[in-house]
Each structure stands twice: as C-alpha cells, then as structure tokens.
Amino acid sequence: MSLPSSSSWKPIFKRITFSLFAIAALLGMTGCDFKGRMSTFDPKGPIAEMQLEIFYITVWVTLFLFIAVGGALLYAVWKFRETPENKNDPIPRVGHGNPLIEVGLIAASILMLVIIAVPTVQVIWEQHELPVDSERYRERYGDYEQNLLGNWYDGDIADGEEDEVLVIKAYGWQWWWSFEYPQLDGVVTANEMVIPRGKVVKIELRSKDVIHSFWLPKIAGKVDLMPGRVNWMWIQADEPGYYYGQCAEYCGDSHAYMLFRAEVVEPDEFETWIDRQQRTIEAPEGYDTWGAWLGATNQDESLANTPFLKGAKAYFANNCSYCHAINDMSMGNIAPDLTNVKDRKSLAAGWMENVTADNQVDVPKQYENLVEWIFHSDQVKPGNLMYYPSQGLINYINPPLGDDGQPIRTPMTLEDAENIATFLQEI
Ligand code: CUA
C-alpha cells in the first residue's frame, strides 16, 4: 500500500479544517443564552431597556455597513477577476481621488455616526436625570410622584427626604460591595442590595480604593465607581426576583470574584426587610451588653457553653469585630456588614452561592460556605484582605511577615470557624 501523493492530501486537510471550525463555532454559540441570568437581552427595567435599544441601533447600523462594504468588495473582486479572455487587457482605471466618491463616503460615515450618537447621548442623559418630567416614563408607569419615599414608605424617613426617591449609596471595595440606605436610618448591607419593585432608585456610586464598575445587566449598567468622585444613575426593576451583578472594571487580584446581587421585592416586603436590618442584637441573658458578657467569659470560659456562644466568643477573639459590623454589637466598618448575613443567598461577594432553585436561602449550604470562607478565605478568593490581617487593624495595611516572607496569619481552628458560622446563622 502506498501513501497518497501530497496533492491528494489537500482536500482532506481542507475538510478537517472546515469541520473543526464548524465545531468550534457551534460550541461558541452554545454560550449564547438570551434569557441567561446576566443576559442584557432580557431587560427587566427601563434603563436596561433603553440600553438594549441603543445596542440594537448600533448592531443594525454596523450590520448595514458590513453588508454594504463587504458586498462592494465581493462585487469588485468578482467583476474584475482575471479570466483567460481579459488576461492581457490593461489594468482597469483606478477611481482613487474621485472627489464625488470621497466626499460621499465621508458624508455617509458621518451620517452613520450621527445615527448611533444621537440616541446614545440621549440615553446617557436620561439615565443621569431622574424621570421627573419624562413623558415616556409617565405613559408607562403613571405618576412619577409614586416614587417619592413619603408616598410609598411607611417607616421612618430621615427629615426632608419624604419628597425624594430612595437613595442607595453603593461603595466598591477590593473586592466586594457595600450598600447604604442613608434615608432609612443608615441601614447598611453588603454584596446583596434589596430594592423595591417598580420604584425609581437613585444609586450613588463611590469607590473606597480603585476604579470599579457597577453592572446589573438585567436592570442597568455600567457606570464606574471612581475614587474621589461621586457618579450616579437611577434604576428601576419591574419584576421581583434575584438579579445577578458584577464588577465590570478590572480592579486587582479578585476582580472576577467581585460579584453582587440585587433582590427585588414588593415595596411592603422592602419595609419588612428594613425593619429587620434595624433590630437590636440582644446580649446573652443576664448581661446588658455583649462587652459585659465577653468580660465575664474571660474570667469563666464555661459561660461560652453552646456552639452559638462559643461562636460569639470566637468572633471577638479572632478580631472579626475590628472590621465587620453587626448592628450595635460589632462596629467595624472596613469589611462587609454582617447584620442578618443569614438572610443572604450568597457569600464572599456573590462567589459562593447558597440559594435554592426557588430563590430561598439554602441553610445547610450556607453553613458549609460560611465555614469554608471563614477558615480558608484565601483558597476561595485569592488576595482577599481577611485571611492574613486578623491580628488587628494596623496589620490590615502592613501585616507582619513570617520566615517564608508571607504575612503571618493568626491561627484559627476549624472548630472556631464552625462555631462562628453557627453564631452568624443564629444571630
Ligand atoms: Cu471591582 Cu473589578
């Protein structure tokens, strides 16, 4: 048997190359999910809808350009191809320098840019301007006034804020988010913000360190969080649900793990949530404050005799309270607020999920995640600042180094991590 000559290999190679290309293209297309949880093709609010409209305008204009330019090219290649008949003809006249064509092309390019630019600038403007006088908004949602806090929120509102829409201050940190509700008794949450359905919400965006970007694909995006300045946009969500968001600006080691979530609930449920965030964390029975209880446990270890109390003890012993807040019990403010962390369906800025298929908290999974995150946060999220500097605030910036040149970690036992998890799920 002899091998085929090199020329008969060619069609086979061509066929293989073509097949591989087709398979790769098919695989690539399986990634397209127009209803996916971070799909911009499935908008659930007016801002995301406007942004999608611009996307389509841009797609149609560029598609037209592609067909027009590509078509002209194919036509020219075909019409002026070499054939046995014209082989010896002179080269056709070159149209270069024809003023009519050149001016025409410039005008056409400008026209295309204008078609894209006008609606783009309009939407940039609209998302940066509360829809107070927007006819489009009124037609669809009725009175703008229904968005003002005093008209739908029955709880305590900060003085003078009744005639404002709900404001959320969003802060970007390496690599997590905090969300503050300054008009509603300064409620703070982390990584999962809760917003009322059908209400305009003003999001103020600030950074605590480097540039981040707020992107909640089905509701709105993207606006950058810049150090030293306040950006803002308004958003509104039309359907209750659990929405997925992500930092969209490279911001260091764990940028890809800097996710966040928005829980959209009915306005009355929103009030319930705010109430829950404001509750006092009672000290253990027989003590006025957690500090008093903690002092007593220093004399008598046996006072921390349940997993919950052992967890509370370990929480303070490991200096968690230096950085984290839990209402009036723990006052740190440089790490995610842990008030009602048990209500959250994700951990570690959305990277660890404990949410069931019907959008409830998966309690056993949450425990598992809490333990893993507390005990081994370095393996979950490289570069995170919780792992090493648990020895005090100063070490946050300048941790002491060990023999291996790596920061020394305050030892935490697995038992501590488990008890802290229990504590956080019960508090
Ligand atoms: Cu924050 Cu990327």
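Trainee: Which way do the residues of β4 point?
Mentor: E192, V194 and P196 point one way, M193 and I195 point the other way, and all of them are buried. Buried means under 20% relative accessible area, exposed is over 50%, and partly exposed is in between, with a 1.4 Å probe and protein chains only. Strands here are DSSP runs of E with at least two residues, helices are runs of H or I with at least four, and both are numbered from the N terminus. In a regular strand the side chains alternate between the two faces of the sheet.

Trainee: Before I go on, what sort of model is this?
Mentor: It's a predicted model: local features need pLDDT of at least 70, side-chain atom pairs count only at pLDDT 80 or more, and totals for chains, interfaces and linings use all residues. Residues are numbered from 1 along each chain as its sequence is written, and side-chain values use heavy atoms, with hydrogens and water left out.

Trainee: OK, back to β4. Why is it largely enclosed?
Mentor: Because five of the five residues in β4, residues 192-196, are buried, the rest of the structure largely encloses the strand.

Trainee: Which strand does β4 run alongside?
Mentor: β10, residues 259-265; the two run parallel, joined by five bridges. I195, for instance, has V264 as its bridge partner in β10. Strands count as paired if DSSP finds at least two bridges between them.

Trainee: And what's the strand order in the whole sheet?
Mentor: It's an open sheet of five strands, β4-β10-β9-β6-β7, with mixed pairing. β4 and β7 (220-225) are at the edges with a single partner strand each, so one side of each has no neighbour in the sheet.

Trainee: How do β6 and β7 pair?
Mentor: In the antiparallel sense, over five bridges, with β6 covering residues 212-216. F214 has V223 as its bridge partner in β7.

Trainee: Switching to the core: which residues have the most contacts inside the largest one?
Mentor: Y181, M193, F214 and F270, in a nonpolar core of 50 residues. Such a core is a set of buried Ala, Val, Leu, Ile, Met, Phe, Trp, Tyr and Cys residues joined through side-chain atoms within 4.5 Å. Apart from it there's another core of 32 residues, including F308 and W373.

Trainee: Where does F270 sit?
Mentor: In helix α6, residues 267-277. F270 has 0% relative accessibility, so it counts as buried.

Trainee: What does F270 touch?
Mentor: Leaving out residues up to four places away in sequence, its contacts include W152, Y181, V194, I195 and P196. Contact means heavy atoms within 4.5 Å. F270 and V194 are 76 residues apart along the chain, yet their C-alpha atoms are separated by 7.1 Å.

Trainee: New topic, helices. What's the angle between α2 and α3?
Mentor: About 170°, with the axes of α2 (residues 46-79) and α3 (residues 99-127) 10 Å apart. Axes are lines fitted to C-alpha atoms, for helices over the stretch in contact, and angles run from 0 to 180 degrees between N-to-C directions. That's why α2 and α3 are roughly antiparallel to each other.

Trainee: And α8 with α12?
Mentor: α8 (residues 307-317) and α12 (residues 414-426) pack at about 105°, axes 7 Å apart, so those two are roughly perpendicular. The cut-offs: under 35 degrees is roughly parallel, over 145 roughly antiparallel, 65 to 115 roughly perpendicular, and the rest oblique.
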